Amino acid sequence: MKFEMNKMGMDMFDRNVRKMKTRYILTTVSFIIIVIVMTVISIPMQFNDHTYTVTITDKDRIVEVDEDSSSSKYIVFADDQNGNSLVFQNTDNILRGKVNSSNMQGQLKVGNTYEITVIGYRVPLLNMYENIIKMKEIK
């Protein structure tokens with residue numbers, strides 16, 4: 001038995017192939033645009049340094065576990081000079097050359113006052129915190 005495709009079948013096959021190619025191209029272009037937009041948005045966040053003088057009120061570690069992996073970040077609670085409560089994260093940041101977040105977390109003492117340099121923004125809706133890049137104890 002020999003399989004033969006008539007002209008109508010070939011036209012339908014060609015249309016389906018074109019549709020698949022179009023979907024592939026649109027998906028690829030969309031992915032590239034998303035990556036570019038995310039990069040453009042995240043780069044300025046890495047270089048918006050600002051400084052606070054704060055007294056540490058508490059420290060914690062948040063662990064997030066998925067089916068295949070887990071991650072964690074250090075959280076620092078503090079009060080600024082005006083008595084406002086602030087929350088920061090203390091995580092490594094390769095782009096800024098910070099790879100000592102665990103040591104820094106251990107050096108921060110509750111009740112002590114520090115001048116800290118942070119980057120990023122606090123966005124409660126997205127659970128984003130400013131990240132501590134540098135710290136200096138004020139005596």
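1. Phe-88 stands opposite Glu-130 of strand β5, and Gln-89 stands opposite Asn-131 of that strand. These pairs belong to a predicted model. Strand β3 covers residues 85-90 and strand β5 covers residues 130-138; the two run parallel and are joined by two bridges.

2. On the pairing of β4 with β5, the direction is antiparallel, and seven bridges connect the two strands. Strand β4 comprises residues 113-119. Within this pairing, Val-118 faces Ile-132 in β5, while Glu-115 has Lys-136 in β5 opposite to it.

3. Strand β4 also pairs with strand β1, which spans residues 50-65; six bridges join them and they run antiparallel.

4. How enclosed is β4 by the rest of the structure? Of its seven residues, five are buried, and therefore the strand is largely enclosed by the rest of the structure. The cut-off needed here is that a residue counts as buried when its relative accessible area is under 20%.

5. Five of them close into a barrel, in the order β1-β2-β3-β5-β4, and the pairing is mixed. On average, neighbouring strands of this sheet are turned by 45° against each other, with direction ignored.

6. Gln-105 deserves a separate remark. This residue is found in helix α2, which consists of residues 101-107. Is Gln-105 buried or exposed? Its relative accessibility is 6%, so Gln-105 counts as buried. Leaving aside residues up to four places away in sequence, Gln-105 touches Lys-59, Asp-60, Tyr-74, Ile-75, Val-76 and Asn-90.

7. A further point concerns charged side chains. Side chains of opposite charge can pair when their charged atoms come close. The structure holds one salt bridge. Asp-49 and Arg-96 form this salt bridge, and their closest N and O atoms are 2.8 Å apart. Because Asp-49 lies in the loop between α1 and β1, and Arg-96 in the loop between β3 and α2, the pair ties together parts that are 47 residues apart in sequence.

8. Partly exposed denotes the range between the buried limit of under 20% and the exposed limit of over 50%.

9. The last point concerns the surface. Which residues make the nonpolar surface patch of about 590 Å²? The patch is made by Tyr-24, Ile-25, Val-29, Ile-33, Val-37 and Ile-41. Val-37 has its place in helix α1, residues 7-45. With a relative accessibility of 41%, Val-37 counts as partly exposed.

Key: Residues numbered from 1 in each chain as written. Predicted model: local features only at pLDDT ≥ 70, side-chain atom pairs only at ≥ 80, totals over all residues. Heavy atoms only, no water. Pairing = 2+ DSSP bridges. Helix = DSSP H or I, 4+ residues; strand = E, 2+ residues; numbered from the N terminus. Axes fitted to C-alpha atoms, helices over the stretch in contact; angles between N-to-C directions. Patch = residues over 30% accessible without salt bridge, like charges linked within 9 Å, V, L, I, M, F, W, Y side chains within 5 Å. Areas by Shrake-Rupley, 256 points an atom, 1.4 Å probe, with all protein chains shown as cover. Salt bridge = Lys/Arg side-chain N within 4 Å of Asp/Glu carboxyl O. Buried < 20%, exposed > 50% of the residue type's maximum accessible area, 1.4 Å probe, protein only. Contact = heavy atoms within 4.5 Å.
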